[in-house]
Amino acid sequence: MIEESKLRQPEIRELMTASILDWLDHLPEPQRSIFICKHYRGLPEEEIADDMKCSRAEVINALTQVNLTLVQRAGTLLA
């Protein structure tokens, strides 16, 4: 579990943000686009699937994989 007190420290938040942005830069384009559409543009999975010409299940699977990896990376940074 991520320690909330550590996330209150500006240097930790900056490190976390830099790590996430770096990692997103190295994602395959479809996964990166799906993540950005969901988390930055706030689009629902159905709309993302329509835009990306894929199924809703594929969008959910991609988001699940990306989110799990982000949680793992966050845990590693905060350990």
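Buried means under 20% relative accessible area, exposed means over 50%, and partly exposed lies in between. Arg32, with a relative accessible area of 18%, is therefore buried. The model described here is a predicted one.

## Overall layout

The protein has five helices and zero strands. Along the sequence, the pattern reads α-α-α-α-α. The C-alpha atoms fill a box of roughly 40 × 20 × 20 Å, taken along the principal axes. Of the 79 residues in the protein, 29% are buried. The exposed surface comes to about 5400 Å². Carbon and sulfur atoms supply 56% of that surface.

Contacts also say something about the fold. Take those with a separation of 6 or more: residues 24 or more positions apart account for 54% of them.

## Helix H2

H2 runs over residues 10–25 and has 16 residues. From its first C-alpha to its last, H2 reaches 22 Å. That is close to the 22 Å expected at 1.5 Å a residue.

Which residues of H2 are buried? They are Ile12, Met16, Ser19, Trp23 and Leu24. These residues cover an arc of only 130 degrees around the axis, so they sit on the same side of H2. On the other side of H2, Glu14 and Asp25 are exposed.

An α-helix has 3.6 residues a turn, so residues three or four places apart point the same way.

## Helix H5

H5 covers residues 56–78 and has 23 residues. Its first and last C-alpha atoms span 33 Å, close to the 33 Å expected at 1.5 Å a residue. The buried residues in H5 are Val59, Ala62, Leu63, Val66, Leu70, Ala74 and Leu78.

## Salt bridges

How many salt bridges does the structure hold? There are three.

| Pair | N to O distance |
|---|---|
| Arg32 and Glu29 | 2.7 Å |
| Glu45 and Lys38 | 3.3 Å |
| Glu46 and Arg56 | 2.8 Å |

Start with Arg32 and Glu29. Both lie in helix H3, three residues apart, about one turn of the helix. Arg32 is buried, at 18% relative accessible area. Glu29 is partly exposed, at 43%.

Next come Glu45 and Lys38, whose side chains meet in a salt bridge. Glu45 is buried, with a relative accessible area of 17%. Lys38 is partly exposed, with a relative accessible area of 25%.

The remaining pair is Glu46 and Arg56, whose closest N and O atoms are 2.8 Å apart. Glu46 lies in helix H4 and Arg56 in helix H5, so this pair ties together parts that are ten residues apart in sequence. Glu46 is partly exposed, with a relative accessible area of 40%. Arg56 also counts as partly exposed, at 40% relative accessibility.

Glu45 deserves a separate look. Its place is in helix H4, which covers residues 45–52. Is Glu45 buried or exposed? Glu45 is buried, because its relative accessible area of 17% is under the 20% cut-off.

What is Glu45 in contact with, leaving aside its neighbours within four places in sequence? The contacts are Lys38, Arg56, Val59, Ile60 and Leu63. Lys38 is the salt-bridge partner of Glu45. Arg56 forms a salt bridge with Glu46. Val59 and Leu63 are among the buried residues of H5.

## The surface

Leu21, Ile36 and Tyr40 make a nonpolar surface patch. The patch has an area of about 300 Å². Ile36 lies in helix H3, residues 29–39. With a relative accessible area of 33%, Ile36 is partly exposed.

## The loop between H4 and H5

Where does Lys53 lie? Lys53 is in the loop between H4 and H5. Lys53 has a positive phi of about 60 degrees, although it is not a glycine. Lys53 counts as exposed, at 73% relative accessibility.

How values were computed:
Residues numbered from 1 in each chain as written. Predicted model: local features only at pLDDT ≥ 70, side-chain atom pairs only at ≥ 80, totals over all residues. Heavy atoms only, no water. Helix = DSSP H or I, 4+ residues; strand = E, 2+ residues; numbered from the N terminus. Expected span 1.5 Å × (residues − 1). Buried < 20%, exposed > 50% of the residue type's maximum accessible area, 1.4 Å probe, protein only. Arc of directions from axis to C-beta. Patch = residues over 30% accessible without salt bridge, like charges linked within 9 Å, V, L, I, M, F, W, Y side chains within 5 Å. Areas by Shrake-Rupley, 256 points an atom, 1.4 Å probe, with all protein chains shown as cover. Salt bridge = Lys/Arg side-chain N within 4 Å of Asp/Glu carboxyl O. Contact = heavy atoms within 4.5 Å.
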